[in-house]
Amino acid sequence: MLQFNAEDFVVENNEEQAFRLNPRMSGTFFLKKTFCIVTGASQGYGASLAEKFASLLPANSALLLLARNADKLKGVTEKIHCQSPDVSVHFHKFDQSVLQECSTENLRTIINKSNISPSDFEQCIIIHNAGVIGDVTKFTWQIKDAEMVDHAMKVNVTGAILVNTAFMECCDGTESMAIINVSSLAAIQPFSSWSIYCAGKAARDMYFQVVATEKEAVRVLNWGPGPLDTDMQARCRECADDNIRQYFTDAYKQGKLLSCEESADKLVIVLDRNDYKSGSHIDVYDV
Amino acid sequence: MSGTFFLKKTFCIVTGASQGYGASLAEKFASLLPANSALLLLARNADKLKGVTEKIHCQSPDVSVHFHKFDQSVLQECSTENLRTIINKSNISPSDFEQCIIIHNAGVIGDVTKFTWQIKDAEMVDHAMKVNVTGAILVNTAFMECCDGTESMAIINVSSLAAIQPFSSWSIYCAGKAARDMYFQVVATEKEAVRVLNWGPGPLDTDMQARCRECADDNIRQYFTDAYKQGKLLSCEESADKLVIVLDRNDYKSGSHIDVYDV
């Protein structure tokens, strides 16, 4: 398992510039002054990705962390600020299930409040990480909670679609643009008792494939991060399907779940290599 | 036809049955199912539904046909309680039948005049997801509950090539269709006894297709405009005939996606 500790390889070249020598990273993705938005960044994978990207991106890059829990976001922001002081980190309360919050107008307002000007950057990225699991304690014939399904579709699909438009509009004209959809094996394989989560993930993968089809200049990745040791995974260990519940419970007990950091490292490799076909689905175990 | 699908006394629900493919499927099934089968046609336009019902009644008088106004974007209408009420109003008792089927045909195209970076209409996206995905999911639960215990159960999702292949300027439609296919694959995974089919009916000559001929992507717009002019679109009836073959053979793996051109 490749582990990056970028700070081990930072070489102070002169007063203005530090360049990173990393024998395992040879691409340009993490060399560009970048504005990076992460949704669902208050904990779990989103927080991990934010930390990882902040540690690798060049000085004067900017991160914008969005999530419902402002207190947790503040904690993540402060942690990143300590670890990666040369990258500016901002956060804003954001609920992707509230569609008006997903508008270009709202994103622009948030970006302006952070004194960020997307045109100052060589690269703009969005990591679509925010998501909910729906209700994995229900088989399809038990799914009667309209509110639950509607909410899950709003967060996982509709909200993500609108936020993506907002991102593309706010960052229009940037030299390099990349869109990372935190996907799942559940996007491409049906899982008993996970119908809502599977459906939403499948919708996202397809939506982002269309983005890739329409905009060849934008790098679009449907990223399957693997079974992560997070709060969401803990919900999977309570799912209605006996086999799946057992599988993940065993995996958890045997320490076979991936840490967010391990998985983030693999995503970094993929982005650094930058040889994936835009719109493709890549799983952590493919790397 | 050598199978048993169309020999069983059947209760068949069709959503979006007021026109286009839904109406065609209703007519086709009514003409093939045995006497005393029952059809329940659901759609937003009660007048059109009435017309379809009367037409079927003339063509297939030994099958009872009922209709009810229904808007799949209104999630409360998709509940088991509401479906049970509608079924009761039609004096239908699902347990009287050897087979219960639902054809999930109701759907909207979203807005194919917009590329992804132009999609800002939250109402439009939300409505499309409600009809195409959330509503269909809830109606499917309602169907499974109302028809629980029936000997044979079949679920047909009117899918699309758009469910399995990205089409420029069709992001909302593609996303919804992909979500549906996956949802129905999970149903198939969970309930082996239920026959579940994700059916790609092909490019049909319907009102929905006409919207595709106005889509923002030049190549796709041209492709379908040419197909239309050259009479290469499928009639709903031709496509319905192919679905009948698949159901009659009944050898498809439950949950699979079958396209009309595979038949």
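Between chain A and chain B the count is six salt bridges, a salt bridge being a side-chain nitrogen of Lys or Arg within 4 Å of a carboxyl oxygen of Asp or Glu. The structure is a predicted model, in which local features need pLDDT of at least 70 and side-chain atom pairs count only at pLDDT 80 or more, while totals for chains, interfaces and linings use all residues. Residues are numbered from 1 along each chain as its sequence is written, chains are lettered from A and ligands numbered from 1 in the order in which they are written, and side-chain values use heavy atoms, with hydrogens and water left out.

**Interface of chain A and chain B**

- One salt bridge joins the side chains of Glu105(A) and Lys120(B), at 3.7 Å from N to O.
- Helix H3 (104-113), helix H4 (146-170) and helix H5 (195-214) of chain A each supply at least two residues of the side of chain A that touches chain B, where helices (H or I, at least four residues) and strands (E, at least two) are DSSP runs numbered from the N terminus.
- H5(A) gives the most to that side of chain A, with 13 residues.
- The residues of the side of chain A that touches chain B divide into 26 nonpolar, 11 polar and eight charged; Ala, Val, Leu, Ile, Met, Phe, Trp, Tyr, Cys and Pro count as nonpolar, Asp, Glu, Lys and Arg as charged, and the others, Gly among them, as polar.
- In total, 45 residues of chain A are in contact with 45 residues of chain B, contact meaning heavy atoms within 4.5 Å.
- The area buried between the two chains is about 3,400 Å², of which carbon and sulfur atoms give 70%; buried area is the accessible area (1.4 Å probe) that two parts lose on being put together, summed over both.
- Trp141(A), Met206(A) and Glu214(A) supply 19% of the area that chain A buries against chain B, more than any other three residues.

**Sheet and helices of chain A**

- Seven strands of chain A form an open sheet with parallel pairing, in the order S5-S4-S3-S6-S7-S8-S9; two strands pair if DSSP finds at least two bridges between them.
- Strand S5 (88-93) and strand S9 (281-283) of chain A are the edge strands, each pairing on one side only.
- Within this sheet, strand S7 (residues 176-182) and strand S8 (residues 219-224) of chain A pair in the parallel sense over five bridges, and Ala178(A) stands opposite Arg219(A) in S8(A).
- Helix H2 (residues 70-83) of chain A lies across strand S4 (62-67) and S5 of chain A, running at about 175 degrees to S5(A); axes are lines fitted to C-alpha atoms, for helices over the stretch in contact, and angles run from 0 to 180 degrees between N-to-C directions.
- Helix H8 (residues 260-273) of chain A lies across S7, S8 and S9 of chain A, at about 150 degrees to S8(A).

**Sheet of chain B**

- The open sheet of chain B has seven strands, paired in parallel in the order S3-S2-S1-S4-S5-S6-S7.
- Strand S3 (64-69) and strand S7 (257-259) of chain B stand at the edges with a single partner strand each, so one side of each is left without a neighbour in the sheet.
- Strand S1 (residues 10-15) of chain B runs parallel to strand S4 (residues 99-104) of chain B, joined by five bridges, with Val14(B) opposite Ile103(B) in S4(B).

**Salt bridges over all chains**

- The structure holds 20 salt bridges over all chains, including one in which the side chains of Lys79(A) and Glu51(A) meet at 3.2 Å, N to O.
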